[in-house]
Amino acid sequence: MTGEFELIEPEEAEGFGDEWEEIDVSDTEADRIARKRDRKFSEFRKRIKDADQFKVEQSVFDDATFAAIYKLVQDGYIEAFGGPISTGKEANVYEALGDDDTDVAVKIYRINASNFRQMRNYLEGDPRFEGIGNDKGKIVLAWVRKEFANLERARKAGVRVPEPIAVERNVLVMELVGLVEDRARRLSEVNVENPETAFEVVREYMRRLYSAGLIHGDLSEYNLIIHEGELVVIDLGQAVTIHHPNANEFLQRDCTNVASFFTRQGIDVDGDELYDYVTDVEPDN
Ligand SMILES: Nc1ncnc2c1ncn2[C@@H]1O[C@H](COP(=O)(O)OP(=O)(O)O)[C@@H](O)[C@H]1O
Ligand SMILES: [Mg+2]
């Protein structure tokens, strides 16, 4: 059941925000909290470490990660944690209760497990990350900030993405697409009833992203989720600007993946055609 897909309106498509300013990855408040280890933080850490949903093997977080969560709780972005939605290669995603009784998704990067070499390849050549250096911690922090900035930029360009809410160190809080009790599904998991419209929406979002100067870089049926007929693009951590030396290669790969998924759904499209469609309009910057 996928319902009818509808494009969102790009009302806020002017201006691309200030993410071109250098992204600051210096010592964070979370690092300071972790170092100080006052009683309140220690109690919080113990409580959350013992909570069932954090007990799974892959989610052994370091102190600074607990401190980042603590800071987000103190600042009111997270009220309570729900269960894990996903435990991926580099990050775990949890459901949580956010400000004002809204459900949020909390994506926590596991710094130690992250694949730095691969991350570096995406950061290198992105003008936003000039001079980031080789420090593992800094690279992951820059990555999470980049994901936040990419979500913001995509949203402004009229691409339906989860609304980014807050970022603290290696933890990103964003709108939860769907509901805790009725979770959004990946396109790969559902039976797409109207692939024609779904494809039209996806290719329009790819085009809007491109004209906003961004290339997703990992687009496929696994990073497109749907809920109540709404298609949402997720996982923009690796998205690069069109100035990146490999931007074109990434875009071609995205087009190939998306086209092959929709070909399997019976749509007559190939990667090159999709590429031409997406790049038909010159980017603004
Ligand atoms: N904002 C969100 N709302 C609902 N589900 C989400 C959200 N973000 C991520 N997810 C779920 O978590 C999974 C992993 O998230 P993703 O950002 O793709 O991380 P990864 O890098 O591990 O692939 C997604 O496939 C999706 O099922
Ligand atoms: Mg993903």
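Which residue just after α1 takes a positive phi? Just after helix α1, R37 takes a positive phi of about 45°. The legends below describe a predicted model, in which local features need pLDDT of at least 70, side-chain atom pairs count only at pLDDT 80 or more, and totals for chains, interfaces and linings use all residues. Residues are numbered from 1 along each chain as its sequence is written, and chains are lettered from A and ligands numbered from 1 in the order in which they are written.

**View 1. Confidence of the model.** The protein has a mean pLDDT of 87, and 89% of its residues reach 70 or more; pLDDT is the predictor's confidence in each residue, from 0 to 100. Over residues 12-21, pLDDT stays under 50, and the model has 18 contacts beyond four places in sequence for them (contact: C-beta atoms, placed from the backbone, within 7 Å).

View 2. A30, I33 and A34 are buried in α1, residues 29-36. A residue is buried if 20 or more other C-beta atoms, placed from the backbone, lie within 10 Å of its own, exposed if 12 or fewer, and partly exposed in between. Helices (H or I, at least four residues) and strands (E, at least two) are DSSP runs, numbered from the N terminus. Seen down the axis of α1, the buried residues fall within an arc of 100°, so they line one face of the helix; the arc is that of the directions from the helix axis to the C-beta atoms. These buried residues pack against α2 (39-50), α3 (63-74) and β4 (164-168). R32, R35 and K36 are exposed on the other side of α1.

View 3. Most residues other than glycine have a negative phi. R37, in the loop between α1 and α2, is exposed, with 12 other C-beta atoms within 10 Å. D100, although not a glycine, has a positive phi of about 60°. D100 is found in the loop between β2 and β3 (103-109) and is exposed, with 7 other C-beta atoms within 10 Å.

**View 4. The loop residue E90.** E90 lies between β1 (80-87) and β2 (91-97). With 18 C-beta neighbours inside 10 Å, E90 counts as partly exposed. The C-alpha atoms of E90 and R110 are separated by 5.8 Å, although the two residues are 20 apart along the chain.

**View 5. The open sheet β6-β8-β9.** Three strands form this sheet with antiparallel pairing (pairing: at least two DSSP bridges between two strands). β6 (185-186) and β9 (230-233) stand at the edges with a single partner strand each, so one side of each lacks a neighbour in the sheet. Two bridges join β6 to β8 (residues 224-227), and R185 stands opposite I226 in β8.

Conventions. Two residues are in contact if their C-beta atoms, placed from the backbone, lie within 7 Å.
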